[in-house]
Amino acid sequence: MAKFIVKRIGYMLVTLFIVVTATFFLMHSIPGDPLAHMARNLPEQTRANYYEKYGLDKSTSEQYLIFMKNLVSKGDLGESLRYPGREVTDTLLTNASVSAQPGGMALLVGITIGILLGIVAALNKNRWPDYIVMFIAILGITVPVFVLASVLQYFLSVKLMVLPTTGWGSWKNVVLPVIVLSFGTIATYARYVKSNMLDVMGQDYILTAEAKGVSKFNVIKSHVLKNAFLPCMTLLVGQVSGIFTGSFVVEKIFGVPGLGFYYINSINDRDYTMIIGTTVFAAALFVFVQLIVDIAYSMMDPRIRVK
Amino acid sequence: MKKKLVAALLAAAMVLSLAACGGKGDGGSSGGSGGSDGGAPQELHTSLNTEPSTLDTIKGNDMYGWDINKNTLEPLTRLVEKDGEQEREGAGAESWEPNEDGTVWTFKIRDNKWSDGKDVTAADYAYGITRTLDPDAGSPNSFFTAPYIKNGQKVVNGEVGVEELGVKVVDDKTLEITLESPTPYFMSITDTRACYPVRQDIAEKYGETYGSELDTLVFNGPFKVESWTHNSEIVLVKNEDYWDKDNVKLDKINFAIVTDSNAKYNSFESGAIDISSVGEQEWVDRFDKKENAVRVDTKQPAMRFDFFNVNDKLFANLNIRKAFTLAVDREDMAKTIYQDLHVPAYWWVPEGISTGENGEYREQVEGPLEKMAKEEKAKDLLLKGMEELNLGSDPSKITVKYSLSATTQWARNYGEYVQQKYKDILGVNIELDFNEWSTFQQKTNNGEFQMANMVWTTDYDDPMSMISLFTTENSGNIPTGWSNEKFDDFIAQASREMDETKRTELYAQAEQVLFEEGCNICPLVNERKISFNYDYVKNLNERETTTTGFKYVYIEGK
C-alpha cells in the first residue's frame, strides 16, 4: 500500500509538471498582454516600463525558468498582474475557502437528495415516482445554471424579497447558490444511482440472495446499495475538487467572492501568474482527490486490488 | 378595519411626502441643509461592476479603483458642479497661481489630515506626481502628466533621474510645478490620478502590496474605506478629520461589487442599491415605469468609432476612407443598434467636454461630418477612389476585413448590421473578424487590420485629450498610421494658446483637417449613460467629468 501511494504521488508530480509547463507556454502563445484590462492603448514607453517592472520583457523561456525556480524552491506562484500586490497563493486559498462553503453544502444536499431520489426511482421502475424523478433529473441536466439562478433571484429576491440579491457574509447569501449548485448534482446522482441499482438488481447474486429467503429490505441494503454506490465514487472526484474551484456563473450572479471568477477572468485579462495558479490548483486538487478515491476504492471493494 | 388602516397609512404617507417636498426647495440646490432630515440615515448603497485592481493611485488604472479614490483621497483640485455648471475648485490645494508666462504653477496646500493623524503636506502631492512618472514604478498613469511637466517624458524614458523633474516642494505647504511649456489646460490634469497625493512612508513601507489591502492604505478625502471584502463589497465611512467635513453629508457609502448586470438591475429593483446605470433597453423601459426612480441621462465624453489602416492598400486612399465614413447612416445605427441610448456622432471631440470657462466644446463647434455629408456622396467618393487605385468600377469586387474587439452575441449582431449596411450603400463586401480584446489590441498595434471598431473615453476635461490622439507623436494610441503636418501644427499651437476662445478655434481647425485630409477615423456614436436612482438620493453629479464623487450627495425623504 505504501509503495502504491509513493508511486502515485510520483505520478502526480509528473502530471503537475506537465500541466504547468503546457499552460505556461500555451498562455504565452495567445496574443495580448496583462495590460489589456486597461482596455486602451498606452504610450510605448509606459508599456515598456510596465513590462520591465514585471519581467515581461524577458523571453518566454527565461520567464519560465524564473517561474519554475520560484515555484520549486519557495512554492511561490508569484504576484497577480491584474491585481498588483496580491499574492496568487493567498488569492487562491482565500477564494477557494469561500467557494467551498456553498459548493460543499450543495454537494452534500445534492448527493443526499440525488441518492434518495435514485433509490425511489429504481424501486418504482416504470411507475409514477420513477417518471417524476426522471423528469426532475432531465430538468436538472438540461436547464442551464444561469437560467435557474436568474429565475430564482428574480422571484425570491426581487418579487418576494425574502433573500438578498447578491452579497456575501450572511447565511441568507448562501441559500440561493446552494439550491442552484445542488440542482445539477441531484439530477446526476438520481440517474446514476437508479441505473446502477437496476444493473445490480439484475445480477445473479441478488437472485441467489432472494432465493435464500433474505428479506427485500436486506437485499437492497446489503447487496444492492453497496454495489450500486461504488461507481458513484468516480463521479465524486470531479465534484469534490469542483467545490473548491467554484462556479463562475453562479458566483457571478449571486456576487459570491469565490474562485470561479478567476478561472475565466484571469484568461481574459492575460493575468499570467493567476492563470498558472488557478490551473495548478485545479490540477493538484483533482489528482489528489483521485488518489484518495482510488485508495478508498481498494478498501471498499475487494475486487479491486492495489498492485 | 383593513380599509381604514390603509386609508390612514396613505394619508400619513401623503403628509410625509409633502413635508419632503417642502424640504427640497431650500435644501436641494444649495446642497447644504440635507442633514436636517433627521429620519433617513445618511447611507448610500451603490455598486461597482468589478473589483478594483488596486486602490493605489500609481498602479491603478481602472475606473472602479478611481470611483473609490475620488471619494477617499483629496486631489489638488476638483471639478465641482454648481447649478448645472462646472467649476474648478481648490481641494487639496487651497489656491494656485501661475507665473507670468504660465510655466510655473505654485500650489498652496490646504491644512488637512491623513487618517492616521499626520498632516497633509506638499511632499505627499510631490511624491504622488513624481512616483507616477518614475520608470521603476511602471505606472500606467504616467501618460497623464509626462508630456507637460518639465522633464516628465525624459523621466519616463529613463533618460534623466526623478530629481530632474519639474516638481518642487518649497515648504510643507507650498508645491511648485514647472511645465515644459505653457499648458493652458494644465489645471484639468490636476485631478487625474497622476496628481493624487501618496504618502511616501506608507507606500515604501508596504512596497508592492501597497494599495492591495485596506491595512496598507491611508486616506485624506471626504470618506475613508472602512472595510474591503475582495470581489464582494467596499464600505466607506465619513472621514471626521477631513478639512471640509461640514459639507459632507453621507455617513456611509456601500459599494457592492456586482459583476453580473442582471443581478445589478435586480438589486436596484429590490432596493438593495440606490443607484444603477442601465445599458439595456428593456431594463430602461422597466425602470422608466418605476414610480420613485429618477432617470438621469449623461453625456459621456466617449466615442464609438471605426478606424482605418492608412497603410493598407485600399485605405491608403483618402476618397475610399471618406466613402466608408460617409456611408454610415448614424441615425439609423443609433436607433437600430443602440435603441437611441447613444447619439449619432458627426465629430471626433465628444459631447461632455469643455474648453475651460467657455463651457461645452460641442456647443461652440459644429461637427465637421455634418457639412461633409451634405456636400459629398459616399458612393461617388468610392468610385473615384477606386479609379485612382485602378480597381475598376465594380464595388462588389472589393472585400474589406472589419475587425471587432469582442466575440459576444452583441458583437455578432452588430457585425452583421455593418456588413448589411455597407453592402446596401456602397455595394462592398465586409468580412467580419471577431477578436478578444487582447488579440484585437495586438493585431491593430501591429497593423494587421484594414478597418476596426473601438471605443475611446477621454482622460481629462479638455478637447486636447481626444484630438491630440492623432498627432504624429501620439499615433500609437489609435494605430491608424496617419500623420499630417498641418494637423500637428494646429495641435502644437493649441497646446500653448492661453486664450480659451482662440484655443477652441484651433481645435475646430484641427478637427476639420482630421476629417478633410485624414478621415482615418469614422465616428459612429457619442455615448450616453442612462442611470437611475431613487428619488431620495439628492445632489448626484450629472456630468461625467465632475470629480467630486459622492462628496455632496445626501439622502432625504427615504
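Reply: Happy to! Keep in mind that this is a predicted model. Let's start in chain B, where the side chains of E269(B) and R286(B) meet in a salt bridge, with N to O at 3.7 Å. E269(B) belongs to helix α7 (residues 261–269) and R286(B) to helix α8 (residues 281–288), so this pair ties together parts that are 17 residues apart in sequence. E269(B) counts as buried because its relative accessibility is 16%, and the cut-off for buried is under 20%. R286(B), at 32%, counts as partly exposed.

Another pair in chain B is R362(B) with E511(B), at 2.9 Å from N to O. Here R362(B) lies in the loop between β13 (343–344) and α11 (368–375), while E511(B) is in helix α17 (residues 500–518), so the bridge links parts that are 149 residues apart in sequence. R362(B) counts as buried at 11% relative accessibility, and E511(B) counts as buried at 0%. Chain B also has a network: D116(B), K118(B), R199(B) and D201(B) are joined by salt bridges that share partners.

Over in chain A, D269(A) forms a salt bridge with R82(A), their closest N and O atoms being 3.1 Å apart. D269(A) sits in the loop between α12 (260–268) and α13 (272–300), and R82(A) in the loop between α3 (60–74) and α4 (88–123), so the pair ties together parts that are 187 residues apart in sequence. Both D269(A) and R82(A) are buried.

Conventions: Residues numbered from 1 in each chain as written. Chains lettered and ligands numbered in written order. Predicted model: local features only at pLDDT ≥ 70, side-chain atom pairs only at ≥ 80, totals over all residues. Heavy atoms only, no water. Salt bridge = Lys/Arg side-chain N within 4 Å of Asp/Glu carboxyl O. Helix = DSSP H or I, 4+ residues; strand = E, 2+ residues; numbered from the N terminus. Buried < 20%, exposed > 50% of the residue type's maximum accessible area, 1.4 Å probe, protein only.
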